[in-house]
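The structure is shown below.

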There are 2 protein chains.
Amino acid sequence: MNLDSLTQSNGEWLRGSGPEADIVISSRIRLARNLSSFPFSSRASTHQKAEIEQMLKDRLVKLEAESRLDYLPLPALTALDRQLLVERQLISRELANADGPRGVAVANQETVSVMVNEEDHLRLQAMRSGFALDEAWTDIDRLDDLLEERINYAFSEEFGYLTACPTNVGTGMRSSVMLHLPALVLTKQIEKVFRALQKINLAVRGLYGEGSRASGDFYQISNQVTLGKSEATILTEIREVIPQIISYERQARSTLTRESRQALHDRVNRAIGTLRSATMMTSEETMDLLSSVRLGVNMGLLEDTISIPTVNELFLQTQPAHLQKLMGASLDGEERNSARARYLRNRLREAGPNLN
Amino acid sequence: MNLDSLTQSNGEWLRGSGPEADIVISSRIRLARNLSSFPFSSRASTHQKAEIEQMLKDRLVKLEAESRLDYLPLPALTALDRQLLVERQLISRELANADGPRGVAVANQETVSVMVNEEDHLRLQAMRSGFALDEAWTDIDRLDDLLEERINYAFSEEFGYLTACPTNVGTGMRSSVMLHLPALVLTKQIEKVFRALQKINLAVRGLYGEGSRASGDFYQISNQVTLGKSEATILTEIREVIPQIISYERQARSTLTRESRQALHDRVNRAIGTLRSATMMTSEETMDLLSSVRLGVNMGLLEDTISIPTVNELFLQTQPAHLQKLMGASLDGEERNSARARYLRNRLREAGPNLN
């Protein structure tokens with residue numbers, strides 16, 4: 001796999017299609033698995049970690065899965081390339097910054113990635129655009145089965161899958177849905193939604209792990225409990241709550257349309273105007289402005305001038321590592337702000353001159 | 001004089017030419033005069049005010065001045081038309097809002113205006129684009145002489161010209177210069193300049209009389225003392241201090257170019273971008289954004305895309321009364337904000353598509 005080719009596409013999770021794609025960016029399921037014959041990664045020696053990696057890599061690349069997996073050993077990558085994988089949600093920040101033998105196997109369309117020697121020996125992840133947890137589950141379950149035929153997982157009859165951190169024991173499963181909730185933020189109802197989710201043991205975090213005010217109004221909602229529940233139960237719990245949040249967001253959008261359509265129209269147009277004219281632009285501000293644009297497109301305020309896949313692409317391509325890959329150079333913060341603004345100006349100029 | 005024709009031009013003070021026109025918007029001199037045979041306006045009966053107006057109007061329209069004066073009786077105008085005259089600096093807000101017989105005589109190019117029955121029976125005013133106090137003085141002095149041949153002014157050998165308010169006694173003269181000082185504002189040196197001016201008895205106020213943070217970074221500097229000094233001394237005092245302020249502003253612009261050229265470029269481009277894309281825009285924000293654009297043009301950051309006379313015109317045409325005249329309708333605040341944004345979008349789109 002050539003990493004540069006990654007920057008030229010959006011990958012699965014920003015494809016901008018799938019059910020409820022105006023609000024649900026992506027659905028993701030990950031499974032934590034460990035080999036029974038090795039200590040957990042944190043207790044394994046470098047030599048053992050190399051053995052684990054070698055063994056898993058062999059199995060992964062030869063797997064008869066639908067789409068071939070390419071294995072990327074992380075120590076062979078530059079810091080920039082590792083950051084690129086983080087921005088694409090293919091690996092965790094922890095794996096990027098760790099030491100020693102470790103890597104990731106990635107499927108062609110980025111629907112599946114498998115981290116090796118993260119907190120657990122294996123972190124399997126399936127991603128789908130839109131609200132598609134069942135499809136993600138089908139993918140990850142099949143992959144898990146295929147691997148289990150070739151590997152002895154650390155498994156206890158009493159607890160289920162054993163994991164390095166007790167919070168993952170049992171199913172080892174975390175299912176999460178990434179939502180774009182700008183109207184709930186604008187109408188100041190987002191905190192209320194969070195509190196309700198926390199009460200039913202669902203966690204909320206931003207696109208790249210931020211707290212309550214997430215960049216670009218992207219929120220990931222995921223299950224916290226992995227033990228004492230079946231995979232099906234976990235899936236059902238989150239699958240049932242997401243439509244409610246979608247409905248709250250749609251109600252908030254209706255409220256905005258009804259009560260402050262002019263202000264919203266102004267906000268969306270100013271966002272486009274600023275993205276088209278600024279000559280310095282931070283990643284944070286870009287995400288906030290693109291969030292307004294995305295809302296505007298989905299509410300029909302920008303007509304045919306820009307598509308959701310393009311907006312999604314701009315979110316990703318303006319992240320620091322992606323931007324530097326695009327520019328073909330390592331850039332400091334100020335240089336990135338200048339390059340980011342230039343890139344956005346050019347891309348949005350292409351998007352057509354008549355924006356209102 | 002047809003008031004509608006006024007909205008189609010810029011008038012003298014926004015012509016954007018004359019010495020130091022990048023920083024000095026206009027130079028203005030006014031003289032307060034009263035008739036010896038009538039009580040001051042505040043103490044005159046309506047009947048007496050009507051007599052004063054009739055007499056002055058006859059003299060004014062028949063004056064053999066360079067440019068013919070047209071007389072506009074204010075009670076015959078709508079509130080909107082009176083506001084239009086205020087926005088063009090042809091009459092004071094006080095005259096606009098007063099009662100009873102009163103009016104203004106205006107010269108063709110708006111270089112001269114004469115208010116009748118303001119605080120004083122006569123307020124003569126000459127305006128010039130750029131730093132041109134001497135030329136304004138020549139105009140107003142000639143007009144004053146012409147009038148004095150036909151009218152008995154209230155004059156005391158001891159005090160000079162007598163005026164309704166003691167602060168105007170003596171010369172009855174106020175000379176003022178309107179400056180555009182965005183770089184002193186951006187570099188946070190404007191307060192220091194104000195304090196220095198106050199120490200030498202010069203007053204500072206905004207374009208429409210605001211306090212220390214003036215809309216659009218426009219500041220009027222004027223003399224406060226009218227008594228015990230000759231007209232020539234007053235003129236010299238203000239004429240000598242203005243070049244210093246111009247020099248401070250130029251230094252501040254150099255500092256910006258040296259130390260934060262990128263940030264300035266960004267600011268100017270965002271201003272244009274917002275003016276071109278917003279769909280709601282207050283008068284206050286318009287002036288702030290146009291101030292950045294004006295600075296950008298004068299610092300060569302916007303090349304040939306927009307001229308200073310056009311920027312000046314936009315400042316004036318987006319004022320509430322001008323805007324309503326342009327739209328041919330009476331508009332409430334929200335309608336004005338929408339119409340103003342639409343007008344700016346259209347005007348700036350004409351100004352050429354490539355702005356950076």
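In this predicted model, the side chains of Glu285(A) and Arg270(B) form a salt bridge, with an N to O distance of 2.7 Å. The rule finds 2 salt bridges across the interface of chain B and chain A. The points below set out that interface and then a helix pair within chain B.

**Interface of chain B and chain A**

- Across this interface, 10 residue pairs are in polar contact, both residues being at pLDDT 80 or more.
- On the side of chain B that touches chain A, helix 8 (231–277) and helix 12 (333–350) each supply at least two residues.
- Helix 8 of chain B gives the most to that side, with 8 residues.
- The side of chain B that touches chain A comprises 9 polar, 6 charged and 3 nonpolar residues.
- In terms of contacts, 18 residues of chain B meet 18 residues of chain A.
- The two chains, B and A, bury about 1,500 Å² between them, and 37% of this area lies on carbon and sulfur atoms.

**Packing of helix 9 and helix 10 in chain B**

- Helix 9 (residues 283–298) of chain B packs against helix 10 (residues 308–317) of chain B at an angle of about 170 degrees, and their axes are 10 Å apart.
- Because angles over 145 degrees count as roughly antiparallel, helix 9 of chain B is roughly antiparallel to helix 10 of chain B.
- From helix 9 of chain B, the residues in contact include Met287(B), Leu290(B), Val293(B) and Arg294(B); their counterparts in helix 10 of chain B include Ile308(B), Val311(B), Leu314(B) and Phe315(B).
- The residues of this helix 9 and helix 10 contact in chain B divide into 8 nonpolar, 3 polar and 1 charged.

Key:
Residues numbered from 1 in each chain as written. Chains lettered and ligands numbered in written order. Predicted model: local features only at pLDDT ≥ 70, side-chain atom pairs only at ≥ 80, totals over all residues. Heavy atoms only, no water. Axes fitted to C-alpha atoms, helices over the stretch in contact; angles between N-to-C directions. Helix = DSSP H or I, 4+ residues; strand = E, 2+ residues; numbered from the N terminus. Parallel < 35°, antiparallel > 145°, perpendicular 65-115°, else oblique. Contact = heavy atoms within 4.5 Å. Nonpolar A, V, L, I, M, F, W, Y, C, P; charged D, E, K, R; others polar. Buried area = accessible area lost by both parts, 1.4 Å probe. Salt bridge = Lys/Arg side-chain N within 4 Å of Asp/Glu carboxyl O. Polar contact = N/O pair within 3.5 Å; in protein donor to acceptor, adjacent residues only side chain to side chain.
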